[in-house]
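Here are my notes on the model, as numbered points. Please read them with the coordinates open.

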Amino acid sequence: SYGGGGTLSNLEFSANVHVPIARRFYTDATLSWRRNEPLVAGDQALTSLWAGGTVGYALQPWMRLEAFYGGTHQRIDRPGGRLDRTRIGFQVTTVKPVRIR
């Protein structure tokens, strides 16, 4: 997907993919980029990049075991204007089935 504009001159690009590997194994990946123009004229634009991925195994239809990665990088052209964060780990995800009639 690609988005732009509104009342400000912002640009954004996002891509998501979900790939089943085998009957119970799957993987997900996400990549997003964004450039936000400043609210005040003369300030610097903020550029952000997000990346994430998951590899999972469905233990039951309502329970999944997943390994994940999430990374964020933000930059603005001024001293101290860089932020990097990384998360890596394992998680158990549960979902209660819901019927909508």
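1. Aromatic pairing comes to a count of 1 pair. The rule pairs rings of Phe, Tyr and Trp (its six-membered ring) if their centres lie within 6.5 Å; planes under 30 degrees apart are stacked, over 60 edge-to-face, and the rest tilted. The pair is Phe 25 with Tyr 57, and it is tilted. Its ring centres are 4.8 Å apart, with 50° between the planes. The two residues belong to distant parts of the chain, 32 residues apart: Phe 25 lies in strand β3, Tyr 57 in strand β4 (residues 46–60). Strands here are DSSP runs of E with at least two residues, numbered from the N terminus.

2. How accessible are Phe 25 and Tyr 57? Phe 25 is partly exposed, at 42% relative accessibility. Tyr 57 is partly exposed too, at 27%. The classes are buried (under 20% relative accessible area), exposed (over 50%) and partly exposed (in between), with a 1.4 Å probe and protein chains only.

3. On provenance: this is a predicted model, in which local features need pLDDT of at least 70 and side-chain atom pairs count only at pLDDT 80 or more, while totals for chains, interfaces and linings use all residues. Residues are numbered from 1 along each chain as its sequence is written, and side-chain values use heavy atoms, leaving out hydrogens and water.

4. How many salt bridges does the whole structure hold? The search finds 3. The criterion is a side-chain nitrogen of Lys or Arg within 4 Å of a carboxyl oxygen of Asp or Glu.

5. Glu 12 and Arg 34 form one of these salt bridges, with their closest N and O atoms 3.2 Å apart. This pair links distant parts of the chain, 22 residues apart: Glu 12 sits in strand β2 (residues 11–20) and Arg 34 in strand β3. Glu 12 is partly exposed, with a relative accessible area of 27%. Arg 34 is partly exposed as well, at 29%.

6. Glu 66 and Arg 64 also meet in a salt bridge, at 3.4 Å from N to O. Is Glu 66 buried or exposed? Glu 66 is buried, because its relative accessible area is 8%. Arg 64 counts as partly exposed at 27%.

7. Asp 84 forms a salt bridge with Arg 82; the closest N and O atoms are 3.0 Å apart. Asp 84 is partly exposed at 39% relative accessibility. Arg 82 counts as exposed, at 59%.

8. Ser 32 deserves a look. It lies in strand β3 (residues 25–36) and counts as buried, at 11% relative accessibility. Its side chain makes a polar contact of 3.1 Å with that of Ser 14. Such a contact is a pair of N or O atoms within 3.5 Å; within protein, one must be able to donate a hydrogen and the other to accept it, and residues adjacent in sequence count only if both atoms are side-chain atoms.

9. What else does Ser 32 touch? Leaving aside neighbours within four places in sequence, Ser 32 is in contact with Phe 13, Ser 14, Ser 48, Leu 49 and Trp 50. Contact means heavy atoms within 4.5 Å.

10. Val 19 is placed in strand β2. At 35% relative accessibility, Val 19 is partly exposed. With neighbours within four places left out, Val 19 is in contact with Tyr 26 and Thr 27. The C-alpha atoms of Val 19 and Val 55 are separated by 9.6 Å, the two residues being 36 apart along the chain.

Notes: Helices (H or I, at least four residues) and strands (E, at least two) are DSSP runs, numbered from the N terminus.
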